[in-house]
Amino acid sequence: MVKNNANMVDVVKIPNVIYIYLIRYILEPDIMIDVVGTKTIAGVSNSGRFARFVWQTITASTWSCARSRTYPLIWTQMLIIGVRSVPVIMITGAFVGMILAVQAYDQLRAMGLEERLGVLINISVVKELGPVLAALMLAGRVGGALTAELGTMNVTEQIDAVRSIGTNPLRYLVAPRVLACLLLTPFLIIYADLMGIVGGYIVSVLLKGINSQAYWSFSASGVELWDVAVGVIKGLFFGGAIAVISCYKGFTCREGAHGVGQACTEAFVASFISILALDYALAVIFKAIYFTFWPIRSLVG
Amino acid sequence: MKSKNSKVKENNGSRTSRVGDKDGMFRVKNLTKRFGSNVVLDKISLTIEKGKTTVVIGPSGCGKTVLIKHLIVLLRPSAGEIYFKNQRIDELSENELNRIRIHYGFLFQGGALFDSLSVAENILFPIRQHYEITDWRDIEELVKVKLAMVGLDGFQNYYPANLSGGQQKRVALARAIALDPEAILYDEPTTGLDPIRADIINELILKLQRELGVTTIVVTHDMTSAYKIADRIIMLHNGKIIADGDAEHIRNHPHPSVQQFINGQVSEDDLAILRMSGTISKAQFLPRDFEH
């Protein structure tokens, strides 16, 4: 009866629904315990399934690396995932550099530091914004396509067909996609970085009239090879996360057009959050590594 | 119609049928499958004889597809045992199962052709996965032979999207026989096809059984197809086997659910529900004001 009332109110105004459910939970705490318990069990079980999928993907990818027969599958995925993403990644990178230049120019000019714009733009692009925005773009372009493709294969029983033929679908479908994403995301980040630097240069030097020599000399003094390397290495983690999450969502998607659509949305949201969380974790780790090894580097140098 | 199995048995669900027969290609012992609290298969026991055509019939949602998917361990049982040639397979790992599955051919309800691959590549797929190809001329010939067996030679370069439903099923059948399996499992092979194309599939099933001598298991609710191809018919109802025997036995089976199913009649209970759900009255149409 309460449920019927809730459904009826649902259509009219939402706050009443919350009120009804709150009252219901207070009057019948066993329902709340049931809901919380069910959701907790589902969450733990999903995490376990995902961890198992990641482990199986790692073993399948290692197996694929050792078999030259699987290389054509990896080349094909590299073309689809990597090569065809180059234009959109370059455009993203260019706009990142240009926007940074436009936004930072006035701030630095007010302090008479506009010639240092190069270091600000280039370090932001190669260390953070280039890798993160390129990865987010890939999560949308590649992750969505991977989930939709594998999800459709799942609901049309094509994945079961692969299994029925005596082939491990993780080796045939997942490993080539994960390896392609893992290996090519760092290269795509280099493209994004390059275009970010070019975009920043065009706005700063050609449009805002900053001295070119000063722009590059400040950039060279502020940006180290370490900064570029950190950005590129992040790409390995971002690429792996995008591919594994997207493939998992495709493999576990529910039936029907709604199921595939929902899986794509979930894959993008999960990839987006993972990229940001990984970026934070990697920033902390790389900073610790940098400060640990910096003194040794100066001694060697 | 094919020669009939003289052995006629009845099974009231929990009773085992021919489980002790060691010559069976497949043996299922007390197979139970639950999805949450829903029991789809309830302690099913049966033996599928080698070289024979066994047809599993039953109303939609009775667990026919779930049963056939257990035979190839695409689904794992909640309880019970599954044997293939006296080897227990339901406990094997996926890698171990892959070595068993090359002895099977499975025709999925929708064909499940790989839509990014051409017809020839679909048929080649199982071969490429399990054998090192050295001579491509032999392989082309093999694809040609497999397609000729299903009457589609010349369609090598077509893609699944360019084929009709019947043609897709025939290509899927050619893929299922690519590795010369010992058993072919068909999941609703005639569903969605017109009567003529459905009969083509029936003839193909008979032809493959005759020429390759394979053990055939067909899941269907098409009684014309079942009568035509079956050596043995098993009927599932509410997760249990309620009838098991040759076509004649099924035709004369006293169980009301069997008679209702084979004659395609709606039950009195269902009719009562339809009557209770109301009558079509003017109230169910839009008011005239809403028409324009």
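Author: Let us begin with H5(A) and helix H6 (residues 117–155) of chain A, whose axes come within 9 Å and cross at roughly 145 degrees. Axes here are lines fitted to C-alpha atoms, for helices over the stretch in contact, and angles run from 0 to 180 degrees between N-to-C directions. Helices (H or I, at least four residues) and strands (E, at least two) are DSSP runs, numbered from the N terminus. This is a predicted model, in which local features need pLDDT of at least 70, side-chain atom pairs count only at pLDDT 80 or more, and totals for chains, interfaces and linings use all residues. Residues are numbered from 1 along each chain as its sequence is written, while chains are lettered from A and ligands numbered from 1 in the order in which they are written.

H5(A) passes H6(A) in a right-handed crossing; a crossing is right-handed if the near helix is turned clockwise from the far one by less than a right angle, and left-handed if anticlockwise. From H5(A), the contact includes Val88(A), Gly93(A), Gly97(A), Leu100(A) and Tyr105(A). H6(A) contributes, among them, Leu117(A), Ser124(A), Gly130(A), Met137(A) and Arg141(A). Two residues are in contact if their C-beta atoms, placed from the backbone, lie within 7 Å. By class, this contact has 16 nonpolar, 5 polar and 1 charged residues. Ala, Val, Leu, Ile, Met, Phe, Trp, Tyr, Cys and Pro count as nonpolar, Asp, Glu, Lys and Arg as charged, and the others, Gly among them, as polar.

H5(A), residues 86–110, also packs with helix H8 (residues 169–207) of chain A, at an angle of about 35 degrees and with the axes 7 Å apart. That crossing is right-handed, and its contact has 20 nonpolar, 7 polar and 1 charged residues.

Stepping back, chain A is assigned domain 1 (1–66) and domain 2 (70–290), with bounds from an automatic or database domain assignment. Their centres, taken over C-alpha atoms, are 31 Å apart. Where the two domains of chain A meet, 9 residues of domain 1 are in contact with 12 of domain 2; the domain 1 side has 5 nonpolar, 4 polar and no charged residues.

Next comes the partner chain. The contact between the chains takes 11 residues from chain A and 17 residues from chain B, and the chain A side divides into 2 nonpolar, 6 polar and 3 charged. The predictor gives the complex an ipTM of 0.81 and a pTM of 0.81.

Within chain B, an open sheet of 6 strands has the order S6-S7-S8-S3-S9-S10, with mixed pairing; strands pair if DSSP finds at least two bridges between them. Strand S3 (residues 53–57) runs parallel to strand S8 (residues 215–219) in chain B, joined by 4 bridges, and Val55(B) stands opposite Val218(B). Helix H6 (residues 195–212) of chain B lies across S3, S7 and S8 of that chain, running at about 160 degrees to S8(B).

Another open sheet of chain B has 4 strands in the order S2-S1-S4-S5, with antiparallel pairing. Strands S2 (38–49) and S5 (87–88) of chain B stand at its edges with a single partner strand each, so one side of each is left without a neighbour in the sheet.
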